[in-house]
Amino acid sequence: MCSNLLLRDVALTIISLLEARDVCSLGCCSCFWRDLCFSNCVWAHLFRLRWPHADVAQLHRSTCAASGATPLIPPEGWKALYIESHKKIAQETSFAIHEIDQGAPLNSLEVTRYLSAIKQLSTLSLGFEDVCLFLFRPKLSVVVNLIGLHYSILYLHIPPKEVFEALTRCQVARRQVCLSWLKVGRWLHGFRLRDENYTRRISLEELTMSEEEPILAMLNRGAVHEVIRIQICSADSRMS
């Protein structure tokens, strides 16, 4: 009996290190693994890991346990809840991407629309895994990839190194954007100097490096203070 419990504990420890798709694959190996991999405790862990701030009670009209120590098991089970939530976020993110593409002819986007798109994504409560799955796809525009990068670093506070690794894994790290911005001319001895136009071609991987933090900070501020216009577009689609 003790050996069986020990084996189960070791198995659960192994499972806790896996991603959802790997858990599903492992569950097909034998009856022992199936019982563990499809258990509520495993999928509760996967759910909380992916969506740590999700309000399960609100989403599924369940009431919280009186003590609050142990989350209630959703009526449909944690695995079904995970799948349902994945599908819902996939649908909502797809709609958000469509809205971004509609507002970005020729893969070009004004910073106001850019920040509005990020704000819309934040209302979906996307986790970093969702960003990797739905926003770092190579087939999407690089502007969408950039929005995912920005959201991950400045909204989710994911370490830039982890974002870089995800970009590389998703094969979009070397994609480039072209940033154009207009700075209001300074005043000097009672005279206003000419406005200055700047253009910068930069890859997504470079934007995860510490020396490029001012660029992300400028995008996050938007057209304020001395910068009165910012345009973001794909480096490949930039018009000469």
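For the class counts, Ala, Val, Leu, Ile, Met, Phe, Trp, Tyr, Cys and Pro count as nonpolar, Asp, Glu, Lys and Arg as charged, and the others, Gly among them, as polar. The model is predicted, with local features needing pLDDT of at least 70 and side-chain atom pairs pLDDT 80 or more, while totals for chains, interfaces and linings use all residues. Residues are numbered from 1 along each chain as its sequence is written, and side-chain values use heavy atoms, without hydrogens and water.

**Exercise 1.** State how the lining of the largest pocket divides by class.

Solution. By class, the lining has 23 nonpolar, 7 polar and 11 charged residues.

**Exercise 2.** Describe how helix H9 packs on helix H11.

Solution. Helices are DSSP runs (H or I, at least four residues), numbered from the N terminus. With axes fitted to C-alpha atoms over the stretch in contact, and angles from 0 to 180 degrees between N-to-C directions, H9 (residues 142–154) and H11 pack at about 95°, their axes 11 Å apart. The two are therefore roughly perpendicular, a term covering 65 to 115 degrees. In the contact (heavy atoms within 4.5 Å), H9 supplies Leu146, Leu149, His150, Ile153 and Leu154, and H11 supplies Leu216, Leu219 and Asn220. These comprise 6 nonpolar, 2 polar and no charged residues.

**Exercise 3.** Find the angle between H7 and H11.

Solution. H7 (residues 111–122) and H11 (residues 213–221) pack at about 90°, with their axes 8 Å apart, which makes H7 roughly perpendicular to H11.

Technical notes. Angles under 35 degrees count as roughly parallel, over 145 as roughly antiparallel, 65 to 115 as roughly perpendicular and the rest as oblique.
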